[in-house]
Amino acid sequence: MTIVANIFRSSVANAIGIGISAFVQLVSVPVLASAWGPEVYGTWLMLTTIPTYLALTDLGFVQAATSDMTMKSARGEKQAIIEIFSSVFALFIAFAIIVNMVVAAAVWIAVLVDIGWVRDYQLYLHMLAFYSSLTLLSRVNLAGFRANGMYAAGTVSYDTLVLCEGLVTLLVVTLHGGFAAAISTMIVGRLLNMLLLYALLRRRLPWLSYNIEAVSWTELKRLFKPAVSGMAIPVSLSFTLQGTVVLVGAVISPGAAAIFTPVRTLSRIAIQFVGIVNRATMPEIAHTLARDDKRKISQLVLLNCALAVFVLVPAGIAFGFFGDRIVSAWTRGIIQPDRIFVAAMAVSMVLHGGWYLVSNMLLATNSHGDFSKIMVLSAPLTVILVYIGASVGELTGVALATVACEAFCVTGALFALRRTPFNPAYGQMVSRKDNLGR
């Protein structure tokens with residue numbers, strides 16, 4: 001199969017997943033805002049940052065395990081795949097138990113010291129922690145598909161089940177369901193996701209199953225370093241994205257969070273679409289670099305540059321001019337953002353998309369070490385600047401703070417790119433260092 005065919009097939013699978021995710025996000029904002037009102041909806045947004053944070057407890061093991069199982073699948077090492085598959089699932093069960101115990105202890109302490117909002121929402125905090133555990137465990141099934149030549153089947157099946165979970169949850173809310181009913185629906189949906197996807201995996205790959213006897217501490221230790229090093233980028237990004245929502249809600253108001261989140265969500269749709277092709281190029285980038293095929297490497301780099309110039313920039317300009325009206329129409333007039341705020345968020349989107357494209361190219365070749373350090377630094381920088389921006393300029397100040405942080409990440413990504421095989425002078429730099437070391 002040619003490189004074009006590979007990218008096309010992977011892009012179709014990614015497109016379906018992105019489309020489902022975007023659809024759920026687009027539908028959920030007007031439904032939840034209308035059913036609960038801006039203030040309650042803003043509180044929901046703050047509470048539901050918990051699953052995102054707790055999902056980070058996988059420490060990058062899903063990605064590391066997927067990559068490792070893929071290589072072993074190519075060599076026909078089925079027993080080794082079973083060991084990795086079972087070991088990671090067992091590890092995630094342990095993570096889930098620990099995380100839920102930590103959340104329970106934190107909530108108990110918060111109630112003792114009389115933190116009002118924690119006391120009011122403690123049931124929902126426990127429920128969301130449990131849901132986060134299920135989300136974590138469900139990813140292992142998906143890794144099994146992707147590592148064994150069934151990327152499209154696994155991705156489409158998983159995302160379809162997530163779509164059903166989301167739609168049923170929204171239906172429950174429209175029938176006057178509160179937080180407890182919504183989270184309960186999410187929990188049931190995720191349990192069904194795990195059971196159905198595992199059944200499909202077993203049907204397609206009868207030899208692959210969870211086996212307690214195959215759990216290997218040696219395999220987990222071997223995967224630890226690539227997992228943690230590869231996790232710095234999404235961890236930092238998640239703290240940046242979700243932490244901003246919490247800060248906006250805490251410093252300004254939950255209502256401000258209800259304005260900020262839909263605007264950012266809509267602005268990032270363009271990034272999701274360029275990611276369809278960008279992520280599809282990642283395995284091809286790895287293959288061509290391994291073969292030292294400079295012509296194809298240049299073509300793949302130019303393709304990613306074209307995504308930035310011909311998709312991200314026009315999308316940013318369009319959102320800057322018309323985003324306020326689009327958000328207002330989308331939410332049926334419930335949310336009406338300021339035009340300057342929207343324009344600043346459009347600039348932030350273009351910058352974010354630029355470093356996102358570069359970061360995936362770095363991840364594809366395990367050349368992301370330098371950029372990971374930049375992303376770790378960006379997390380506290382974002383917290384500081386967003387807090388200042390929210391305190392001084394409310395939502396417009398927050399938007400300008402995000403522009404500054406995204407510019408910092410773009411600079412870091414370009415700097416990191418200089419010290420990778422994508423830089424034509426990289427080979428000469430490595431040779432020079434080798435000669436000096438002799």
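This text walks through the structure from its overall build to single residues.

The model is predicted. Start with the whole fold. The protein has 15 helices and zero strands. Its radius of gyration is 22 Å, close to the 22 Å that the globule rule gives for 438 residues, so the protein is as compact as a globular protein of that length. Along the principal axes, the C-alpha atoms fill a box of roughly 60 × 50 × 40 Å.

Now look at how the chain packs. Of the 438 residues, 49% count as buried. Residues 24 or more positions apart account for 81% of them. The accessible surface comes to about 20400 Å². Carbon and sulfur atoms hold 69% of that surface.

What fills the inside? In soluble globular proteins, nonpolar side chains tend to be buried together. Here, the largest nonpolar core has 85 residues. Those with the most contacts inside this core are Tyr 41, Trp 44, Val 88, Phe 92, Phe 260 and Phe 341. Which helix gives the most to this core? Helix H6, residues 116-147, does, with 14 residues. A second, separate core has 11 residues. Among them are Ile 233, Val 358, Ile 374 and Met 375.

Pick out Trp 44 from the largest core. Leave aside its neighbours within four places in sequence. Trp 44 is then in contact with Leu 32, Trp 36, Phe 179, Ala 182, Ile 183 and Met 186.

Ser 348 lies in helix H13, residues 339-364. Is Ser 348 buried or exposed? Its relative accessible area is 0%, so Ser 348 is buried. What does Ser 348 touch, not counting residues up to four places away in sequence? The list is Arg 268, Thr 402, Val 403 and Glu 406. Glu 406 falls within helix H14, residues 369-417.

Ala 214 sits in a loop instead, between H8 and H9. Ala 214 is still buried, with a relative accessible area of 5%. Look at what lies around this residue. Ala 214 touches Gln 79, Ile 82, Glu 83, Ser 86 and Ser 87, again not counting residues up to four places away in sequence. Ile 82 is 132 residues away from Ala 214 along the chain. Yet their C-alpha atoms are separated by 6.8 Å.

Ser 328 is in helix H12, residues 294-330. How does a value of 19% count? Buried means under 20% relative accessible area. Ser 328 has 19%, so it counts as buried. Leaving aside neighbours within four places in sequence, Ser 328 is in contact with Gly 333, Ile 335 and Gln 336. Val 263 is 65 residues from Ser 328 in sequence. In space, the two are 9.8 Å apart, C-alpha to C-alpha.

Now move to exposed residues. Lys 225 lies in helix H9, residues 217-252. With a relative accessible area of 68%, Lys 225 is exposed. Phe 61 is 164 residues away along the chain, and its C-alpha atom is separated from that of Lys 225 by 9.5 Å.

Most residues other than glycine have a negative phi. His 176 has a positive phi of about 75°, although it is not a glycine. His 176 is exposed, with a relative accessible area of 77%.

Glu 394 is exposed, with a relative accessible area of 51%. The cut-off for exposed is over 50%.

Conventions. Residues are numbered from 1 along each chain as its sequence is written. This is a predicted model: local features need pLDDT of at least 70, side-chain atom pairs count only at pLDDT 80 or more; totals for chains, interfaces and linings use all residues. Side-chain values use heavy atoms; hydrogens and water are left out. Helices (H or I, at least four residues) and strands (E, at least two) are DSSP runs, numbered from the N terminus. The radius of gyration is taken over C-alpha atoms; the globule rule is 2.2 Å times the number of residues to the power 0.38. Buried means under 20% relative accessible area, exposed over 50%, partly exposed in between (1.4 Å probe, protein chains only). Contact means heavy atoms within 4.5 Å. Accessible areas come from the Shrake-Rupley method with a 1.4 Å probe; for residues, only the protein chains shown count as cover. A nonpolar core is a set of buried Ala, Val, Leu, Ile, Met, Phe, Trp, Tyr and Cys residues joined through side-chain atoms within 4.5 Å.
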